[in-house]
Amino acid sequence: MGDIMDKELDLLLKETLYLDDNFEINDNMFPGSIIEWDSLSHMNLIYNISNKYNIEIPFKDLKNIENWGQLKKYVCKKFK
Amino acid sequence: MVFSSSIFLFLFLPVCLILYFNPFVKSIKYKNIILLIFSILFYCYGSLDYLWVILLSIIINYIFGILIEKFKKFYLIFIGVLFNIILLFIFKLLGVYDTSLLSSGILPYVGPLGISFFTFQEISYIVDVYRKVVPAQKNIIKYSLYVSFFPQLIAGPIIRYDDIYKEIDNRKTSLSGVSDGLYEFIIGLFKKCVIADVIGNCALIMFTNSSGNSLCEAWLCAISFVLQLYYDFSGYSNMAIGLGKIFGFNIKSNFNYPYASCSINEYWKKWNISLGNWFNDYILYPICNSKIYKFILKKLNMFFNKKFAFKMMNYLALFICWILVGLWHGIGINYVYLGIFYFIFLTIEKQFKFPKNRNIISHIYTLFVITIGTILFFSYSDPKLVFLKSMFINDSFIGNRVYLYLSNYWIYYLIGIIFSFPVLKMIQEKFKHYRFYSIVNSIFIFILFFVSIYYMVINSYSPFIYFNF
């Protein structure tokens with residue numbers, strides 16, 4: 001479950017940021033670390049995640065998430 | 001009172017430090033009271049007539065913070081934010097109204113100092129209380145200190161309550177903190193008194209006689225003003241951060257070498273960082289998470305493909321955000337154009353993923369756009385378009401003043417240009433492990449301090465440019 005969701009989320013990130021298929025995503029990436037991931041794309045990402053998994057990510061939680069790995073963990077935990 | 005004035009450096013700050021660090025005051029409660037009294041005195045010195053505005057704003061937002069935490073009602077946050085916006089709008093509008101009266105001989109309008117900064121801080125506070133990011137502050141002295149803390153009161157950085165409330169409750173001051181703070185303060189003082197003021201004088205003279213400028217003079221003037229604006233504002237931020245460190249507060253950096261950027265997007269992430277983050281969290285985030293935004297997006301998805309609908313809504317959110325960034329600088333059509341100007345470049349960059357690489361061309365493009373934007377929206381050249389025209393279409397090419405200024409002031413320009421890149425940081429990183437580093441660094445900072453004082457004394461009073469906003 002975790003692995004599948006991990007891959008799903010990576011794919012969602014690629015789709016939202018319009019990244020190439022062969023782009024290597026790593027868990028230490030964060031908004032601003034690549035040119036495609038600006039504040040607006042970040043909002044889109046949150047929107048897409050919220051829609052896909054039908055969860056809400058409150059601002060207070062979002063504020064404490066520092067990188068992609070943490071966001072994935074948060075989504076997995078919340079989705080369960 | 002500005003940080004780079006004799007009264008601040010030789011009277012206000014020493015008295016404040018003596019009282020704050022005196023061995024009889026050990027409790028943080030009394031230290032906070034001392035800081036609050038000095039913050040109010042600091043404000044009174046510059047804006048006594050409007051002291052009531054900041055006090056009213058503090059009291060109202062303090063009450064709203066408690067009410068919002070207790071009742072958790074949306075209408076409360078709505079009224080609270082509306083109050084702050086109306087307050088800001090009224091005094092910004094008074095500034096516009098008054099400017100039109102200047103010709104009739106009425107004294108120029110000096111509104112409540114730092115209103116753009118403290119209202120934004122207070123909005124962030126009540127919104128964060130509503131979002132449950134922070135607890136409401138029950139102690140009015142602590143809350144007042146958060147809003148009025150003098151190092152950041154009149155020109156930022158915009159401090160979040162979340163970043164500072166634990167330090168208001170409990171902070172430690174140490175010798176290394178004081179020494180780091182003094183170091184940062186002196187760097188800021190040097191930036192302001194030596195680089196910004198000297199280069200700014202050249203810009204002022206050339207702006208005053210803008211119709212007689214040759215092409216090179218116009219460009220030299222524009223570059224001078226761009227450098228002045230950066231050293232003036234970042235110098236102030238350094239001083240604010242330094243003072244914060246001295247008193248045990250960790251204020252986040254507000255500049256990260258913006259002129260070393262290779263795109264406008266990168267530039268705005270590195271210039272006035274606290275303002276950019278504020279707009280992200282309190283404008284862009286609520287817009288993109290609003291029900292109306294999601295509703296329109298859903299409707300658009302029915303008519304267009306998903307990617308296109310997303311992009312349309314993104315650019316709409318970005319547009320609103322940038323109009324508001326413009327209006328934050330002042331009420332007027334010129335500031336709306338400021339927002340549109342940067343929105344256009346950001347949209348182009350986002351749409352075409354431009355510039356693709358960090359290279360000299362992308363760097364020149366960024367500096368070019370920044371220079372034009374700065375001249376159009378921040379400079380005191382009048383009329384601005386005439387000045388801008390003289391930078392591109394001009395009968396005269398070189399002009400006498402280029403030689404005059406470059407031969408007399410080349411060292412200031414050289415330092416100004418070199419240190420707008422992270423050169424000092426690189427030098428420090430390279431040599432910090434050497435044994436002699438701390439000695440050389442101390443000598444260096446002493447020299448900077450005395451040079452700054454010398455320039456402060458010989459130059460006349462020059463306020464910070466960002467005080468206008």
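Start where the two chains meet: α2 of chain A passes α11 of chain B in a right-handed crossing. (Right-handed means that the near helix is turned clockwise from the far one by less than a right angle, and left-handed means anticlockwise.) Keep in mind that this is a predicted model, where local features need pLDDT of at least 70, side-chain atom pairs count only at pLDDT 80 or more, and totals for chains, interfaces and linings use all residues. Residues are numbered from 1 along each chain as its sequence is written, while chains are lettered from A and ligands numbered from 1 in the order in which they are written.

**The two chains**

- Chain A has four helices and zero strands, and its elements run α-α-α-α from the N terminus on. (Helices are DSSP runs of H or I with at least four residues, strands are runs of E with at least two, and both are numbered from the N terminus.)
- Along its principal axes, the C-alpha trace of chain A spans about 30 × 25 × 20 Å.
- A compact globule of 80 residues would have a radius of gyration near 12 Å, and chain A agrees with that because its own value is 12 Å. (The radius is taken over C-alpha atoms, and the globule rule is 2.2 Å times the number of residues to the power 0.38.)
- Chain B comes to 19 helices and zero strands.
- Taken along the principal axes, the box filled by the C-alpha atoms of chain B is roughly 70 × 70 × 60 Å.
- For chain B, with 469 residues, the globule rule gives a radius near 23 Å, and the chain's 23 Å agrees.

**Where chain A touches chain B**

- The contact draws on 11 residues of chain A and 13 residues of chain B. (Two residues are in contact if their C-beta atoms, placed from the backbone, lie within 7 Å.)
- On the chain A side, α2 (39–53) and α3 (59–64) each supply at least two residues, and α2(A) gives the largest share, with five residues.
- Sorted by class, that side of chain A has five nonpolar, three polar and three charged residues. (Ala, Val, Leu, Ile, Met, Phe, Trp, Tyr, Cys and Pro count as nonpolar, Asp, Glu, Lys and Arg as charged, and the others, Gly among them, as polar.)
- Now back to the crossing: α2(A) packs against α11(B), residues 273–288, at an angle of about 40 degrees, and the axes are 10 Å apart. (Axes are lines fitted to C-alpha atoms, for helices over the stretch in contact, and angles run from 0 to 180 degrees between N-to-C directions.)
- That is why α2(A) and α11(B) are oblique to each other. (Under 35 degrees counts as roughly parallel, over 145 as roughly antiparallel, 65 to 115 as roughly perpendicular and the rest as oblique.)
- A:Ser39, A:Met43 and A:Tyr47 of α2(A) make this contact with B:Asn280, B:Leu284, B:Tyr285 and B:Cys288 of α11(B).
- Those contact residues split into five nonpolar, two polar and no charged.

**The domains of chain B**

- Chain B is assigned domain 1 (6–171) and domain 2 (178–468). (The bounds come from an automatic or database domain assignment.)
- The centres of the two domains, taken over C-alpha atoms, are 25 Å apart.
- Their contact uses 24 residues from domain 1 and 23 residues from domain 2.
- On the domain 1 side, α4 (74–99), α5 (115–130) and α7 (161–169) each bring at least two residues, and the largest share, five residues, is from α5(B).
- This domain 1 side has 15 nonpolar, five polar and four charged residues.

- The α11(B)–α13(B) contact residues are 10 nonpolar, no polar and no charged.
- Another pair is α2(B), residues 28–47, with α6(B), residues 140–148, at about 45 degrees and with axes 9 Å apart; α2(B) is therefore oblique to α6(B).
- The α2(B)–α6(B) crossing is left-handed.
- Residues of α2(B) in this contact include B:Asn32, B:Leu36 and B:Tyr43, and those of α6(B) include B:Lys142 and B:Leu145.
- The classes in the α2(B)–α6(B) contact are seven nonpolar, four polar and one charged.
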